Amino acid sequence: MRKYNRRYKDSVFVDLFSNDRTAKDNFLALYNALYNTNYQSTDILKNMRLKQTMNMSFANDVSYLFDNKIIVLAEHQSTVNPNMPLRCLEYVTRLYEHIQNPRDRYSRTLKKIPVPAFYVFYNGRETIPAQKILRLSDSFIRQPETPTLELVVKLININYDKDSRIVKRCEPLGQYSLFVDAVRRHIAVDKEHGFENAIKECIKNDILKEYLQRKSREVINMLIAEYDYDTDIAVQREESLMLGIQQGEARGSRQKALETAKTMLTMGYPLNDICKISGLSQAEVEAL
């Protein structure tokens, strides 16, 4: 099975809200839409994105420290991943390590830390509600009456046809949603030139116009990486399903052979006959 390693080929979403020169303005617009505020200055934002290093194998999509009071982590997904709370737990733990003086955790006085907030912005094709809550406690093997550890992620469907309040209030997010829709439409009819045609349409219709004019080649490379990643994930899931079916069939066949051999043993059949009929080895039959 071929395993695609993203290593972190960033998506257009990550570039728009974390890396690009307009990223802070875009994220501030997103923050204002999420919290119904009207902040104007990006000076209160500190980009805190975790990036892959030799000592850390994962990276998150977007994370900012807002006014030293709140850490907002935003992930973008085209498939619903119910394990996002656990991933966010890993992310926020590392982010706190970056913020806090290591000696503070041993202090005899209470050290205040920023409040975390977790969001997943979903634009896949599965039918899901406009908003959905994912909880870390849902993954616990046993459900305690009162979880001693909880992490809540708000999943927001940002597909343009879902009438999301956040998409309407945040212009960069709304334009990104329209851009993704254009890419899907053009790829469906022309896989070879779909990305280029989608970019041309969006520029013509003033959708992410300045960004796409400035970074069209980089955007195409990011889209190729994104679509290759999604395709590989789909292939891996299909191959895993087929492997599971094959393994299940193999286990079923072996169980049937064992049962046949046991029955023949109780009926006094010769060992050679049992091996021939069941397909088991002499050692396997003798071990029954």
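A residue counts as buried when its relative accessible area is under 20%. In this predicted model, N32 has a relative accessibility of 10% and is therefore buried. N32 belongs to helix α2. Apart from residues up to four places away in sequence, N32 touches T37, N38, Y39 and R169.

With neighbours within four places in sequence set aside, the contacts of T42 are K24, D25 and L28.

For the chain as a whole, nine helices and six strands were assigned. The chain has 288 residues, of which 41% count as buried. When contacts between residues at least 6 apart in sequence are considered, 59% of them join residues at least 24 apart.

In general, the packing of two helices is described by the angle between their axes and the distance between the axes. Helix α1 (residues 12-19) and helix α5 (residues 171-189) have axes that come within 11 Å and cross at roughly 160°. Because angles over 145 degrees count as roughly antiparallel, α1 is roughly antiparallel to α5. The crossing of α1 with α5 is right-handed. On the α1 side, the contact is formed by V12, F13, L16 and F17, and on the α5 side by P172, L173, Y176 and F179. Classified by residue type, this contact of α1 with α5 comprises eight nonpolar residues, with no polar and no charged ones.

The second pair consists of α5 and α6, whose axes are 8 Å apart and pack at an angle of about 135°. This angle makes α5 oblique to α6. The crossing of α5 and α6 is likewise right-handed. Helix α5 contributes F179, A182, V183, R185, H186 and I187 to the contact, while α6 contributes G194, F195, N197, A198, I199, E201 and C202. The residues of the contact of α5 with α6 divide into eight nonpolar, three polar and two charged.

Within helix α6 (residues 194-204), I199 was considered in more detail. I199 has a relative accessible area of 4% and is therefore buried. The C-alpha atoms of I199 and A182 are separated by 8.1 Å, although the two residues are 17 residues apart along the chain. Leaving out neighbours within four places in sequence, I199 is in contact with F179, L212, S216, V219 and I220.

With a relative accessibility of 0%, C170 counts as buried. A disulfide is a covalent bond between the sulfur atoms of two cysteines. The structure holds zero disulfides.

Notes
Residues are numbered from 1 along each chain as its sequence is written. This is a predicted model: local features need pLDDT of at least 70, side-chain atom pairs count only at pLDDT 80 or more; totals for chains, interfaces and linings use all residues. Side-chain values use heavy atoms; hydrogens and water are left out. Axes are lines fitted to C-alpha atoms, for helices over the stretch in contact, and angles run from 0 to 180 degrees between N-to-C directions. Helices (H or I, at least four residues) and strands (E, at least two) are DSSP runs, numbered from the N terminus. Angles under 35 degrees count as roughly parallel, over 145 as roughly antiparallel, 65 to 115 as roughly perpendicular and the rest as oblique. A crossing is left-handed if the near helix is turned anticlockwise from the far one by less than a right angle, and right-handed if clockwise. Contact means heavy atoms within 4.5 Å. Ala, Val, Leu, Ile, Met, Phe, Trp, Tyr, Cys and Pro count as nonpolar, Asp, Glu, Lys and Arg as charged, and the others, Gly among them, as polar. A disulfide is a pair of cysteine sulfur atoms within 2.5 Å. Buried means under 20% relative accessible area, exposed over 50%, partly exposed in between (1.4 Å probe, protein chains only).
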